[in-house]
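Please open the model in a viewer and keep a selection panel at hand.

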Amino acid sequence: MPKLVIWAWYNFIMAFSLGDIARQFRSAFKGKAEGSVLGIDIGASSAKIVQLRASRGTAVLETYGEIALGPYGAVAIGKAVKLPPEKIAEALIDLMREANVTAREGGLSIPFSASLVSVLDLPKVDEDALKRIIPIEARKYIPIPVSEVTLDWFVIPPDSDEKSAFDQVEEPSPLRAKGQEVLLVAIHNDVLKNYQTVATTAGLNINFYEIEIFSATRSSMGHGIAPVLVVDLGAATTKMYIVEKGVVRLTHLVTSGGQHMTETLARSLSWEFEKAERVKRERGLVESSAYGADENERIKEALLSTLTRVFSEIDRVLLSYGQRYNKNVSHVLLTGGGASLPGLAEHAKQSLHADIEIADPFARTEAPAFLLDVLKQIGPGFAVSVGLALRKLKQR
Ligand SMILES: Nc1ncnc2c1ncn2[C@@H]1O[C@H](COP(=O)(O)OP(=O)(O)OP(=O)(O)O)[C@@H](O)[C@H]1O
Ligand SMILES: [Mg+2]
């Protein structure tokens, strides 16, 4: 069974926007499988894949693609859908064919919502002792039998003047003075088994599974030491996490995302979901002459109603982290497909009390110049898949 490892960085196909430009791209590369690696992100609404190859110290982008999962479960493109492993594998096979993927090895992401992450306070002992202690300690944090989960951990480098800051951790233990903090990750075995079925059915050789937040952090965050709030605007949910010195310090899940935005728009303008989804992606918050003044206003209002809720959650997280740890988080990194909403950065800059950055994971890769604009535009949705492929490249 491939090892589940966690990581901190310091150490009907998407036909959507790829189309012709992707075809040019593919013929420019004719990817070779040898030395090429994959990052595969199975999100709630779509699966993304990225194929990279190392060349002279850089990560060369060989191909990439996205496929909406909705149609495999008889729901609209852009909607979140729960599919059995066989259906997901079918979608991946279609995606790999369409995107001309030639590699078969790489990493696959696990949804944050399917994982349990906690910080343990342990005495300072060696690696072997940790292996014995952690499964015993884990029982205090995991509400199901430890035999039903796969565990992994990572020793957090010491930082004497800081308190442990994980949401779930209440009070620092007196052990801390001579102890160590260990970031513990648990994933239910059934969840892993499902992903293994997906991989086997799709003919993939998965070398590691990684919780999506660690992958996105690797591809999209700078190496500064100031805390950053990463906001992943997904389809059904928005995930927020504060990363400081490469360590995920606090997490927060909001049950609202891009799908809700489309639904509100559809309801408000009496459109089908499909039309609302298209208008959201094409027009977003930017006025367009294709609509009358009244319609423009109503579109903006509908999109903002979801965004306002998400932004107020962002403010709440920033405030509570600031108060609890006496630290100002002044940088917000927006990622996930929802971060491609036209006009989002400008609006966020006005509404939030922080610097705003839109994730640009492909900036860590080398790609033909004619693709740079499109990669920048669709980049936020690929943060997880690029991060997975980058990790696999580093391991070679
Ligand atoms: N250009 C765009 N403008 C606005 N929204 C967009 C754009 N492209 C994609 N989205 C929205 O992003 C959402 C999907 O984002 P993403 O692909 O990151 O989610 P996911 O990975 O499938 O879901 P999750 O991360 O919650 O599992 C959808 O709601 C989709 O409508
Ligand atoms: Mg996602």
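Begin by selecting Ser270, which is found in the loop between α6 and α7. Helices (H or I, at least four residues) and strands (E, at least two) are DSSP runs, numbered from the N terminus. Ser270 has a positive phi of about 50°, although it is not a glycine. Most residues other than glycine have a negative phi. Is Ser270 buried or exposed? Ser270 counts as exposed, because it has 8 C-beta neighbours inside 10 Å. A residue is buried if 20 or more other C-beta atoms lie within 10 Å of its own, exposed if 12 or fewer, and partly exposed in between, with C-beta atoms placed from the backbone.

Before the next stop, some conventions are needed. This is a predicted model, in which local features need pLDDT of at least 70 and side-chain atom pairs count only at pLDDT 80 or more, while totals for chains, interfaces and linings use all residues. Residues are numbered from 1 along each chain as its sequence is written, and chains are lettered from A and ligands numbered from 1 in the order in which they are written.

**The whole chain**

The chain has eleven helices and 15 strands. Buried residues make up 42% of its 396 residues.

Select Ala74, in the loop between β4 (58-68) and α2. Phi of Ala74 is near 60°, a positive value in a residue other than glycine. Ala74 is exposed, because 7 other C-beta atoms lie within 10 Å.

**Helices α2 and α4**

Next, select helix α2 (residues 85-98) together with helix α4 (residues 189-201); they pack at an angle of about 40°, with their axes 8 Å apart. Axes are lines fitted to C-alpha atoms, for helices over the stretch in contact, and angles run from 0 to 180 degrees between N-to-C directions. α2 and α4 are therefore oblique to each other; angles under 35 degrees count as roughly parallel, over 145 as roughly antiparallel, 65 to 115 as roughly perpendicular and the rest as oblique. The crossing of α2 and α4 is right-handed. A crossing is left-handed if the near helix is turned anticlockwise from the far one by less than a right angle, and right-handed if clockwise.

Which residues make this contact? From α2 they are Pro85, Glu86, Ile88, Ala89 and Leu92, and from α4 they are Asn194, Thr197, Val198 and Thr201. Two residues are in contact if their C-beta atoms, placed from the backbone, lie within 7 Å. By class, the contact of α2 with α4 has five nonpolar, three polar and one charged residues. Ala, Val, Leu, Ile, Met, Phe, Trp, Tyr, Cys and Pro count as nonpolar, Asp, Glu, Lys and Arg as charged, and the others, Gly among them, as polar.

**Strands β7 and β8**

Select Leu151 in strand β7 (residues 149-156) and Ala186 in strand β8 (residues 179-188). Leu151 counts as partly exposed, with 15 C-beta neighbours inside 10 Å, whereas Ala186 counts as buried, with 22. Leaving out residues up to four places away in sequence, Leu151 touches Ile134, Pro135, Ala138, Leu184 and Ala186. With the same exclusion, Ala186 touches Ser115, Leu116, Ala138, Ile142, Val149 and Leu151.

**Helices α6 and α8**

Move to α6 and helix α8 (residues 293-325), which pack at an angle of about 145° with axes 8 Å apart. α6 passes α8 in a right-handed crossing. The contact involves His260, Met261, Thr264, Leu265, Ser268 and Leu269 of α6, and Arg298, Ile299, Ala302, Leu303, Ser305 and Thr306 of α8.

Within helix α8, select Glu313. Glu313 counts as partly exposed, with 17 C-beta neighbours inside 10 Å. Apart from neighbours within four places in sequence, Glu313 is in contact with Met240 and Val254.

**Ligand 1**

Finally, centre the view on ligand 1. Of the 25 residues around ligand 1, Gly43, Ala44, Gly234, Gly258 and Gly337 come nearest; a residue is near a molecule if its C-beta atom, placed from the backbone, lies within 6 Å of it. α6 (258-269) and α7 (273-282) each supply at least two residues of this shell. By class, the shell has five nonpolar, 16 polar and four charged residues.
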